[in-house]
Amino acid sequence: MDSITITAAHWVYLLGVGAIVLTMIFRANVVVPSIIATFCVALAWTHSPIAALGSIFNASFVAAKELFNIFLVIALMTALLNSLKTLRSDIRMVEPFRAVVKNGHVAYLVLAAVTYGISMFFWPTPAVPLVSAVLLPAAIAAGLPPLAGAVAIAIAGQGMALSSDYVIGVAPGISAKAAGTSAALVGHHALVLSLIVGGIALVLAYLRLRSSIRPAGNDLLVQWQAQSVDTTEAAAIEEGHSFDKAEIARGTRHDKASFSDSDIQREFALVEARRVKWSKLFAVLTPLAFLAVIAVMVLPKLASGLPELKGGDAAALVGGVAGLLMILASLAANGPRKMLDVSADHITDGFVFAFKAMGSVLPIAGFFFMGASETFSAILSLPPDHSPSLLFQLVQGAEHWIPKSQFFVAFGVLVVGMITGIDGSGFSGLPLTGALSGALAPTVGLEPATLAAIGQMGAVWTGGGTLIAWSSLIAVAGFARVPVLDAVRALALPVLTGLAVATVSAVLLWG
């Protein structure tokens, strides 16, 4: 411990972390502070302005190399979704659940289950408008209050599905890279914790709102469609500056009436007979294909002797299945001649979405990657044995001040994650919570993957769209036609209770 030398670069790195957290608290974008902090750390270590200027580029470049598989998976999944929209298969995947919605109690469960399923494969951004258009009107006609519908969608999509991000693997990938651990292990832990948080939140929210469930009646749907959200309140909230997926999700918000049964029938009537046949096929084939992918990922954990996916194999399998399904769907919708051009357009649109959604994470991750010796050496082109591990050494230097309590450290990482989620994104703080997890875990005998998953819960449940009014929760509230602050109030206690129980559970399960 005495051999650790805290240099000016260590202190500058610590100040950079503090400046970024403070910027998040004030709901401002942290890209510029991350770039400035990267420059200052490099200058403090090398004393060379030229090397420091180069580090601004190199930090984002190293982060891009480390995280590009994530961008590629997002692009291919988005391309698949766009091809399914051409066939209307996305609507067909959801529409059969309308027949199950018999009363408000069942509607609450169906909304949550369908939103969770779609969001696991395509993220909540496209899932929210799809579920809101097809299922939410039926749920409201069945007697479910619009606020309860918004709560069910937010918990299942913006919370449970996004916080684990088990299929696409963006969040576990970022957390694991920063923590220096396995993305698969972070993903498995995050899946368990997300189910704990979501299960508790869904039950508590239902118990709070069930008294407002009414007998079914079409008059409820008419009253709901005649409502409008207070746009003044929404506009005031939207003055907050957030970024990443939250910004895109807010862009999906609209005040038009959702699709009715006649709208859906009219839409399907316009589709040629050949496309209807293919539409039905891909509405069944797509979920079955991804259920098979999940089985390949999960079964080796449940039964010994089965081959287990290593490293980035899981993301590669998800991306490969998405790419193949996209080509087949484009072929079915457009024929062999147009398929070549249409498929290329879908992939291009997918990459545009991927960089809009995640591009700003690169300079942020680049700064936090400077806290690890391996990536620090890559950013500044230094020999690995001459590169410091800034964050790990800072934690070691302050180790005697850190209580030797697993619960204290776990809740500390959770709170840091929640603070980073205040910006309304959810993903921008994952490099910080991951880096802290990698540095703090050895001091209290926890796995870095466990702490990274806890931090991921705090960041994504807060900023992803359940606890912050200026996040993508605006889109959910807009589609449900309820004031977004009412949704926040209804979600706060259930979600916070779930996060606390999940954190305790993580320490007990894996401590």
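Predicted model: local features only at pLDDT ≥ 70, side-chain atom pairs only at ≥ 80, totals over all residues.

Visitor: OK, and which residues of α18 are buried?
Guide: Helix α18 runs over residues 373–380, and its buried residues are T375, F376, S377, I379 and L380. Just after α18 comes S381, which takes a positive phi of about 55°.

Visitor: Let me zoom out. How many helices and strands are there in the chain?
Guide: The protein chain has 24 helices and zero strands.

Visitor: How much of the chain is buried?
Guide: Buried residues make up 56% of its 511 residues. The chain exposes about 20,300 Å², and carbon and sulfur atoms supply 68% of that area.

Visitor: And what about contacts between residues at least 6 apart in sequence, what share join residues at least 24 apart?
Guide: That share is 80% in this chain.

Visitor: What's in the largest nonpolar core?
Guide: It has 165 residues, and the ones with the most contacts inside it are Y13, W123, F290 and M358. Helix α3 (residues 49–87) gives the most to this core, with 16 residues.

Visitor: Take M358, then. What is it in contact with, leaving aside neighbours within four places in sequence?
Guide: M358 is in contact with F71, I74, W123, V170, I174 and F427.

Visitor: Switching topic: how many aromatic pairs does a search of the whole structure find?
Guide: It finds nine. Take Y108 and Y206: their ring centres are 5.6 Å apart and their planes are at 45°, so that pair is tilted.

Visitor: Where do Y108 and Y206 lie?
Guide: Y108 lies in helix α5 (residues 104–122) and Y206 in helix α10 (residues 183–209), so the pair ties together parts that are 98 residues apart in sequence.

Visitor: Is Y108 buried or exposed?
Guide: Buried, because its relative accessibility is 3%. Y206 has a relative accessible area of 24%, so it is partly exposed.

Visitor: How do F367 and F368 pair up?
Guide: Theirs is an edge-to-face pair, 5.1 Å centre to centre with 65° between the planes. F367 counts as buried at 0% relative accessibility, and F368 is buried too, with a relative accessible area of 3%. Together with Y13, F367 and F368 form one aromatic cluster.

Visitor: New topic: what lies over the face of W224?
Guide: That's R481, at 5.9 Å from the ring centre.

Visitor: How many residues of α23 are buried?
Guide: Eight of the eight, so this helix (residues 473–480) is largely enclosed by the rest of the structure. The residues in question are L473, I474, A475, V476, A477, G478, F479 and A480.

Visitor: Which helices do E66 and K177 lie in?
Guide: E66 lies in α3 and K177 in α9 (residues 170–179), so the pair ties together parts that are 111 residues apart in sequence. E66 is partly exposed at 24% relative accessible area, and K177 is partly exposed at 41%.

Visitor: What about D486, which residue does it bridge to?
Guide: D486 forms its salt bridge with R489, and the closest N and O atoms are 2.5 Å apart. Since D486 and R489 are three residues apart in helix α24 (residues 484–510), they are separated by about one helical turn.

Conventions:
Residues numbered from 1 in each chain as written. Heavy atoms only, no water. Phe/Tyr/Trp six-rings, centres within 6.5 Å; stacked < 30°, edge-to-face > 60°. Helix = DSSP H or I, 4+ residues; strand = E, 2+ residues; numbered from the N terminus. Buried < 20%, exposed > 50% of the residue type's maximum accessible area, 1.4 Å probe, protein only. Lys NZ or Arg CZ within 6 Å of the ring centre and 35° of its normal. Core = buried A, V, L, I, M, F, W, Y, C linked by side-chain atoms within 4.5 Å. Contact = heavy atoms within 4.5 Å. Areas by Shrake-Rupley, 256 points an atom, 1.4 Å probe, with all protein chains shown as cover. Salt bridge = Lys/Arg side-chain N within 4 Å of Asp/Glu carboxyl O.
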